[in-house]
Structures are given as structure tokens and as C-alpha cells.
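Please walk me through this structure.

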Amino acid sequence: MIRHAIFEGILLLRGRTWATLSLAIALAVPVAVGGTALTFGLWAAPLLRGSGGAVTVEVLLRPQRAAPEVDAWLKAQRRKHPDWRIRVVPAADLSRRLSRWFPYLRPLLEAEGTGFVPSLVEVTTARPEAVNALKRDSGVLAVGPTTSLHRSLERTSARLRWLVGITTAILLLSAGLLAGIWIHLELYRHADEIAIMRLVGATESTVRGPFLFAVLVTGTVSGISACGMNLLFARWLSGLLLSLGLPAIRTSWAVLALQILVAVGVPLLVATITLARHAALEIES
Amino acid sequence: MIRLRGLEKAYNHRRILRGLDVHIEPGQFVFLTGHSGAGKSTLLKLLYAAEKPTSGEVWVNRMRVDEMGGSELPELRRTMGVIFQDFKLLKRKTVLENITFVLRLHGVATREANRRAYLTLKRLGLQHRQSAYPEALSGGEQQRVAIARALAYQPRLILADEPTGNLDAELAAELMSLLCDINYQGATVLVATHDHALLESIPARTLVLHRGVIEYDGTWPP
């Protein structure tokens, strides 16, 4: 009967190509949104945990300063502010960031190397306002914003969490509903055949098999599409994050597997319920 | 094999069957006859559980049909071969597939199902139409496919609703001979018909339904 389910399921899909594609897209979108939000959340969580309430402020030193001078300045600051965590951003890293922020600098950076690039220092502290005092330091060219990117990220994540969660749930519900309507219409279209199958002794699994197979295929296509969307979005966002000095987003296999599971599971569940209800009504009537 | 006790069936307060009590022994060949609307098809539908009785009991193969739940129906229906008046062939399956589908439901392996289906079609002179779809067949051919489907798995009970309705006299005689053969091998056969020539062709027990009651029970002609 598996062969019957596959054969009849393919016929079902072929008979309703556009409706099937619409259903696949309707399912793929919420799964992709949910999966991407989860990927972003998994990426942001360790960053937010690691910040521990501290803020990182960027301090740009004057480019004319030689390396020993910079080292001396760093030592002095560490002595003066033992609570600060000071890190010098490698020149190559800063050069990469500059070429992303200001693409027109790329030829210059490639031609001149990192020699002319000023030193950038990251100061991590619980009292970012104290870093502002460095503006008066003669060796400092500029002090970056004292509001941490991590803190903004935290705020954004908290706001997005509910928004994305509710949106995903509503979209998934709609997609589930659409899957139910699709099954219902197909059942209506094949009502005669189903009735004949039952009359000649077909079991419910034989009757339901083709529908479940069709839904399984649609769900798998949706799941794969959602994974593709997630990976593409993660790639695009990674470029943006790298330019901000943040690590790239990596989509985990678990998230991809979960997306496929949800994309297949939701329509299968809806189909099972719809088919069971249909069988119950049929037998009752 | 079949036992009906006080069987009643009504549609919208119109009583079609009125307290039928019938007993058909295993291996019997029985005709069910009566005018159009007498309740022949309704009685057959009650036997294969396509309808529920208003009251009374329906027993088939020692199974209480009228109390059966949805999960038990496939098992009941697989114990009988039903020849439907309107053929009830699966439109999207070929003639051969219509028969193998039922054989596969009985757990027959694909190759064996194909072989048996072919042999049954050959017996009914339809082997050359095995790849055709039902819509491409004449009424008579469709009826023979429906018959082939009901006989292919050699059921112990055959219910036939006007099985010769679309067949010419020669084919009708052949079909009756086929049903007799099957009955001779031990199967119980119940044929609903209003064709008196058919009733006279075989000396078998005949139940005459009139206004929802069994008016006559014996060999034909009365």
C-alpha cells in the first residue's frame, strides 16, 4: 500500500501544482522566519551573556603615534583604571572594517597596507562615561559612543523575541489552516473514489496514505526552502555584523533540522486531524 | 452466513423495509427480486454496511453489521465481493489496476495480484482491455470489470445488485454460469434482480420483496 500511497500522492500533487506550490511557500515563510529568529537568538545569547552589563567603548588614537608610544599610553591607562579591560584592535581587523564602512578607501588600503591606519582601542567597562574623559587626552583622536552595541542588541532582541514569536505562530497557524483547506478540497474532489475504496474494503491507512504522502512532500519542500532562506539571511547578516566588529552568524544543524521537522510536522498533523474528521463524518453519514 | 432479524429501514419516515426476518445458509444461491423501489438495493447496502438500519439486526459471517464501528467495516467488506449496480470503478485506475487494488487490499503480492487479475479478466473476456480506463469502456464492459473485481479474490459471499443490467443475453448467461460455478465451489451468492428471465435461468431460492416485506420465499416461479 506504500506504492499506492506514493503513486496516488504524486497524482494528487500533479493535479494541483499551483495550489501545492502556494501551500509550500505559505509554510516555508513562517518556518524561515522562526528559524532565522532562532538562529539570531542563538548567535546573540552568548554575546549578551558575555557582556555581563559591561559596555565596550571604542577609542581611536592619533595615527602619528609610534608603537612604543601607544604601548606606554596603554600601560598608563591600565595603571590608572585597573577595572578597564583594554584591547587593541589588530590593524588588519580595523582595515577590514574600514573597507566595509568606506568602500572607496579599499584601493588606498590595498595600496598602502595598514601602516597609516590609526590604532583603535576597545575599552570594556561597567562605567562607560568614565571613558569620555579620554577625549581630553592629547593622544586620543576620538571616543566612540558609550552606549554598547551589546546593550542595543539586548534591547532589540527582547523586543523582537515576542514580535517574531507571535508573528511566526500566527503565520504557522495560517499555513496549517491552509493545509487543512487544501486537504479538505482534495477530499471533496476525490470523494467518489474514496467512497468506492471504502466500499471495497480499503482501510483508513490506504485511503489516507496518498494525502499524507502529498503533504509530506509539500512539507519537505517547504522545510528545505525555509532552510535555504535561513542560510541566505544568515550570510547577508553576517557581512553586516562583521563590519560592526561582531562575529558572523552560523546557522546550526539543529535549527535546520528543527525547521524541516516543523515544516513537515505541522501540515502532517493538520492533515491527520482533517482526514480523521472526514472519516468520522463519512462513517456517521 | 446472513441473518436478518426484525430489520427496518426508513428514509424520512418512509419505511422501505418492514421487519424483515431472513436467514441464508452458507453456500446458498439466492435471488432477491421485487419491483423498482421495493428495497432490494437498500437491503444489499445494509449487508455491506453502506447504510445503517433504523432498527433490527444484520448478521453477516457471524458479525453484527449494524453495530459495527468504522474500524471494523473494512474487515467486513473484505469478506464479501460486491457487484454494484453503478459499477463503482476507480476512474483514475486502469481496468487491471481496479482489480489488483482490491487484491492488494487482501495482502496479495503485486505480481500474484497482476496474474490473478489478468486471469479473471480473461475469464470475462476482457483481457484485451486491461490497460484501458473505465471511461473508455462501454456499460457492459464496465459491468464485467466490476464483476471481475468482486470475483478476483474468491470471496465466501457475493452480493450482486442487478449484475446483468447492462449485459446482453449471451453475456448475462455467461455471468450466471460463472456465479453458479463460484457457488458450486462453496461461496454464498445473493443476486438482486428484477429480471424474471434471469430468475428462471437457475432453479434457486428466491426472495420476493414487496412494499418492504418478504412476500414470497421459495423457488421460482412460485
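Where is the place of B:Gly125 in chain B? B:Gly125 sits in the loop between H4 and H5 of chain B. The model is a predicted one. B:Gly125 counts as exposed because it has 12 C-beta neighbours inside 10 Å. In sequence, B:Gly125 and B:Glu141 are 16 residues apart. In space, their C-alpha atoms are 9.3 Å apart.

**Another residue of that loop**

B:Ser131 also has its place in the loop between helix H4 (110-123) and H5 of chain B. Is B:Ser131 buried or exposed? B:Ser131 is exposed, with 10 other C-beta atoms within 10 Å. Leaving out residues up to four places away in sequence, B:Ser131 touches B:Thr94 and B:Leu96. B:Lys93 is 38 residues from B:Ser131 in sequence. From C-alpha to C-alpha, B:Lys93 and B:Ser131 are 9.0 Å apart.

**Helix H3 of chain B**

How many residues of H3(B) are buried? The count is 11 of the 11 residues, so H3(B) is largely enclosed by the rest of the structure. The buried residues include B:Leu96, B:Glu97, B:Thr100, B:Phe101 and B:Arg104. What do the buried residues of H3(B) pack against? Their partners lie in both chains. From chain A come helix H1 (2-15) and helix H8 (204-243). From chain B come H4 and H5. Just after H3(B), B:Gly107 takes a positive phi of about 80 degrees.

**How H3 meets H5**

Two packed helices are described by the angle between their axes and the distance between the axes. Helix H3 (residues 95-105) and helix H5 (residues 139-151), both of chain B, pack at an angle of about 25 degrees. Their axes are 8 Å apart. The angle makes H3(B) roughly parallel to H5(B), because angles under 35 degrees count as roughly parallel. The crossing of H3(B) past H5(B) is right-handed.

Which residues make this contact? H3(B) supplies B:Val95, B:Asn98, B:Ile99 and B:Val102. H5(B) supplies B:Val145, B:Ala148 and B:Arg149. By class, the contact has five nonpolar, one polar and one charged residues.

**Where the chains touch**

Chain B places 14 residues in contact with 13 residues of chain A. On the side of chain B that touches chain A, helix H2 (73-77) and H3 of chain B are the elements that give two or more residues. H3(B) gives the most, with three residues. This side of chain B divides into seven nonpolar, one polar and six charged residues.

**Chain A as a whole**

Chain A has nine helices and four strands. From the N terminus on, its elements run α-α-β-α-β-α-α-β-β-α-α-α-α. The C-alpha atoms of chain A fill a box of roughly 95 × 40 × 25 Å along the principal axes. How does its radius of gyration stand against that of a compact globule of 285 residues, and what are the values? The globule would have a value near 19 Å, but chain A has 29 Å. Of the 285 residues of chain A, 29% count as buried. Contacts in chain A with a separation of 6 or more are 82% between residues 24 or more positions apart.

**Helix H1 of chain B**

Helix H1 (residues 40-47) of chain B is mostly covered, with eight of its eight residues buried. Among them are B:Lys40, B:Leu43, B:Leu44 and B:Leu47. Just after H1(B), B:Ala49 takes a positive phi of about 60 degrees.

Note on methods
Residues numbered from 1 in each chain as written. Chains lettered and ligands numbered in written order. Predicted model: local features only at pLDDT ≥ 70, side-chain atom pairs only at ≥ 80, totals over all residues. Axes fitted to C-alpha atoms, helices over the stretch in contact; angles between N-to-C directions. Parallel < 35°, antiparallel > 145°, perpendicular 65-115°, else oblique. Left-handed = near helix turned anticlockwise from the far one by under 90°. Contact = placed C-beta atoms within 7 Å. Nonpolar A, V, L, I, M, F, W, Y, C, P; charged D, E, K, R; others polar. Rg over C-alpha atoms; globule rule 2.2 N^0.38 Å. Buried ≥ 20, exposed ≤ 12 C-beta atoms within 10 Å, placed from the backbone.
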